[in-house]
Every structure is written in C-alpha cells, then in structure tokens.
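Hi,

Here is the structure I said I would pass on.

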Amino acid sequence: MNATYDPVENRWKALQNYEMLKAQKFVENLYYHELTKGLKQLGYVIQNNTRDFEIRSISPELIEKFSKRHQQIDAGVREHLSNGNRPKNLKELRAQIAHEKRDRKIKESSASNLHAHWSGQMTPADIASLAPENAPNSVDKITPDMQAIVSWADERVFERKSVVEDYQLKAAALIRGRGEDFDLEKLDTEIARRNYLKNECDHRITTCIVLDRELAIVDIAQKGRNQHAPFCEDYQPSIATITGEQKSAVERILGSQDYVTLFRGGAGTGKTFALQEVAKGLENAGHSVVVLAPQRQQVIDLQKDGFAAQTVARFLAKSDLPGNAVVIIDEAGQIGGKQMSDLFTTLKASETRIILSGDTRQHGAVEASDALRAIEKYAGLHPAELTAIRRQDPAKGRDENERVFIGEYREAVKAASKGEVVESFERLDSLDCVVEVDEDSRL
C-alpha cells in the first residue's frame, strides 16, 4: 500500500507524488543523459532528435520492426476510427488502447531465451548493425561547455515564461548536452553560479533580468501619475450615437494627466468605437496619433476601422515618431515584458505619452511576463473601462427564437470577458455552437 506510519503524529500517511510527476521530464532526460553516456563508452554513436535519441548504426527499418507496441496501438486506433468513432482526445485513446491490449509477459523467460527469440527475427545485416562503431572507451572525453549548455536552456525556458521550475531549466540543459561528459552535480554548480532568484517555498525561479525589466516598466508608469496636462480638456463627442459609458471612458482618457493611461474593454463593449473618438479628440487638440498592435491581423482590423496602424515590432525597428505624438497600443495585454520594456524605453526618451488598451482577463502575453497585468496590479493607475456588451443585441433578432439565441450567446460572451473560460465554452456547447469536423476537413 502507498501508506507509511508516522510515529511522531501517530497516524498513517500516503506519499504525495504531485511534485514528482511535475518533474518527470527532468527525470526522463537525466535518465537519457546517463544512458547515452554509457552507450558512448561502449562505442556507440548517438544521434539526438526532437524527442529522445537513436543509435546511428541501427536502421529505421530495424527500429520499426521491433516497435511492436507502437504498431499495436496504431492498429487499435485505426480500428476505432474505422467504426466511425471520433475520440475527444487522441492521446487518451492511445493510452487506453495501450492499457487494454497489452500482451501478457512471457513467464519464466530468461535473458538467453529472449536473445534467441529476438535474434530469430533479424537478418545477418540487422545483427551486424547492432555492433558498436567504435572500440569501447575509445571516445575522447571532451570537456563540456557548461556555460553554453545552461545559456541555451535559459534562453528557451525563459522565452515565454517569466517564472519556471528549476527542474524545467535542468531538463532543457540535459537535452542540449545529452551524452556529454558531465553529471548532475556539474549542472547544479553552473546553475547555482548564475544566482537565479528563487522562491523559498518551492522550485520556482526567475532571473534578475526578467524582474528588473518588470520593475522598470511599473516604475515608469507609477512615477508618471499626474505629471502631465490633460490630453484634451474640452472634448465634445463628434457623433450622437455614443453611449453614456463610452462617453465617460473617452472623457476619462482624454482628461488623463498620467504618462501611461489604461483603457480596458471586454469583447463586444465598443472599445474600438471609443478609441476612434479618443483619436479624434487627440487630433483636435493638436496631437499626432500613432496606433500600434502586437499582431499583423490586429493591425489589418484597425486599418479597416480607419486607423493608420502598424505592428509594435515594425515601430520598434523604425522608431519613427512625428512631433507631439501620443501612442495608442491596442491589445496591449498580448505584449511581453521585453517588447513592452523596449517600447517604454523608446517612448520615454522623447516623453511620448502612452495609452494602453487591452483586457488581461481575455488575453495574456505570448512572450515572458504579462506586462500589462503588472502595470494594472502595481502602478496604481485607474483605468477607463467599458463593461456593457453591445455587439450581441437580442432586440435585433428577426424572430423570438433568434432573440432568445442572441441573449444566451451574449451570456457566453460575458463569461469570456470575465475570464470564465470553462463556463463560456459550456454555454456555447449547450447552444450547439461547438462543432467537431472530421479529420479530413480539419486542416
């Protein structure tokens, strides 16, 4: 049983293996590393691939011949699909077939019996390919470049995450240096030398670069509070159709005295409509308006709405600013810490003020650090906000059924705008809005 008696607390306890399971990729790659080191000492030449490794002299045909469990699972999947069944999760289906169709192990099978059984399935050429390419222990031991190995791992694990588990860093380093002449102790020594910032309670680490970047972003936003004149004090809406909530948001933005101004609007709340009014107000007050977005498709959509928009990356490459400019950044929640830091550094040099528009409840940054979330949480700014959903209007339905559908669909959108993703998808599924297409049509 998974149970151990604790004489101090006078009770039985079970092993909690959650942390061990989280670290299984690290354990797997440490195993591969030590295994390949041993194979090299025996004279085998190793070829790493995206998943694990192969021995160079062994042909793909021989590998396929002995991948019997893999073939068995593939056949089971094909049989399942041929009956018209569509699995919700192919990985789970493969695991189920692997469990249910596993052949019983041969009892009383000795190593010599198994060797004879395997040899009987191979040609002389197959058997010859199993011989090492080099003499045992003939490979020169080259001193590994531990600094380069860990730097490679560091660059990859911190590319999209600002905080990782230390064993994720170790797993990446073991992949990079697989089979080279170092052990876990040498790897730990190089990692310790880099002085990662550690959480005392668990295995989480980050870098000083990541933290300093986030602190600098928040510091600029925080110190810029109430340090500027309002963008446009005498704003008057240019259209009669603007709603009270939208008008209040526009007035708040144009009346901002902060260096960084926040504007939050969920899906369907008319955020783009309000931004058009903000741009008109800025231009009427003599400002040049520069509109940026993280992705190309977002830029295309903004251009369709009348903005002369460009991607953040393109702007940073050119850094071309007109005089008296104000920069509006749409979907700012998708910008990572490095790019946001580069933006702030570029714009701060000319004291160009910034309006960040986005909703961190819907979108997060692809790259490391949720920069907008850090600003919202720690800079002490008060965002202008739109909450009323306008895009899904039941009154516009052609009949009662359509009006009911639009109303229920609107609730799904509202849940998504609050970050309640599971509830949103459940509502969509209940409306038959989630449709699974067949495999041939999926691409």
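**Ile375 and the cores**

Leaving out residues up to four places away in sequence, Ile375 touches Ile217, Val218, Ala221, Leu262, Phe344, Leu356, Gly380 and Leu381 (contact here means heavy atoms within 4.5 Å). Before you go further: this is a predicted model, where local features need pLDDT of at least 70 and side-chain atom pairs count only at pLDDT 80 or more, while totals for chains, interfaces and linings use all residues. Residues are numbered from 1 along each chain as its sequence is written, and side-chain values use heavy atoms, with hydrogens and water left out.

Ile375 is one of the residues with the most contacts inside the largest nonpolar core, along with Val260, Ile329, Leu343, Phe344 and Leu356; that core has 28 residues. By nonpolar core I mean a set of buried Ala, Val, Leu, Ile, Met, Phe, Trp, Tyr and Cys residues joined through side-chain atoms within 4.5 Å. Buried is under 20% relative accessible area, exposed is over 50%, and partly exposed is in between, with a 1.4 Å probe and protein chains only. The elements giving two or more residues to this core are α11 (208–223), β8 (260–265), β9 (288–293), α15 (312–318), β11 (325–329), α16 (337–348), β12 (353–357) and α17 (371–378). Helices (H or I, at least four residues) and strands (E, at least two) are DSSP runs, numbered from the N terminus. Another core lies apart from it, with 25 residues, among them Leu275, Leu282, Val299 and Phe307. In soluble globular proteins, nonpolar side chains tend to be buried together.

**Strand β11**

Where does β11 sit, enclosed or open? Five of its five residues are buried, so β11 is largely enclosed by the rest of the structure. Ala325, Val327 and Ile329 are buried on one side, and Val326 and Ile328 are buried on the other. β11 runs parallel to β9, joined by five bridges (two strands pair if DSSP finds at least two bridges between them), and Val290 stands opposite Val327. β11 is also parallel to β12, this time through four bridges, with Val326 opposite Arg353.

Thr360 counts as buried, at 10% relative accessibility. Its contacts, neighbours within four places in sequence aside, are Leu372, Arg373 and Glu376. With Glu376 there is a side-chain to side-chain polar contact of 3.0 Å. A polar contact is a pair of N or O atoms within 3.5 Å; within protein, one must be able to donate a hydrogen and the other to accept it, and residues adjacent in sequence count only if both atoms are side-chain atoms.

β5, β7 and β6 form an open antiparallel sheet, in the order β5-β7-β6. β5 (164–165) and β6 (197–198) are at the edges with a single partner strand each, so one side of each has no neighbour in the sheet. Two bridges pair β6 with β7 (residues 204–206), and Leu197 has Thr206 as its bridge partner.

In helix α9 (residues 166–176), the buried residues are Tyr167, Leu169, Lys170, Ala171, Ala172, Ala173 and Leu174. Their cover includes α1 (18–22), α2 (24–41), α8 (146–157), β5, α10 (184–193) and β7.

**Loops to check**

Asn49 lies between β3 (46–48) and β4 (53–55) and is partly exposed, at 33% relative accessibility. A polar atom of its side chain lies 3.0 Å from the backbone nitrogen of Arg51 and one lies 2.5 Å from that of Asp52. Asn49 also touches Glu54 and Arg178, not counting residues up to four places away in sequence.

Two non-glycine residues have positive phi. Asn137, near 60°, is in the loop between α7 (124–129) and α8 and is exposed, at 61% relative accessibility. Glu331, at about 50°, is in the loop between β11 and α16.

**Whole chain**

The protein chain has 20 helices and 13 strands, and 36% of its 443 residues count as buried. Its radius of gyration is 30 Å, whereas a compact globule of 443 residues would have one near 22 Å (taken over C-alpha atoms; the globule rule is 2.2 Å times the number of residues to the power 0.38). The C-alpha atoms fill a box of roughly 90 × 60 × 60 Å along the principal axes.

Cheers
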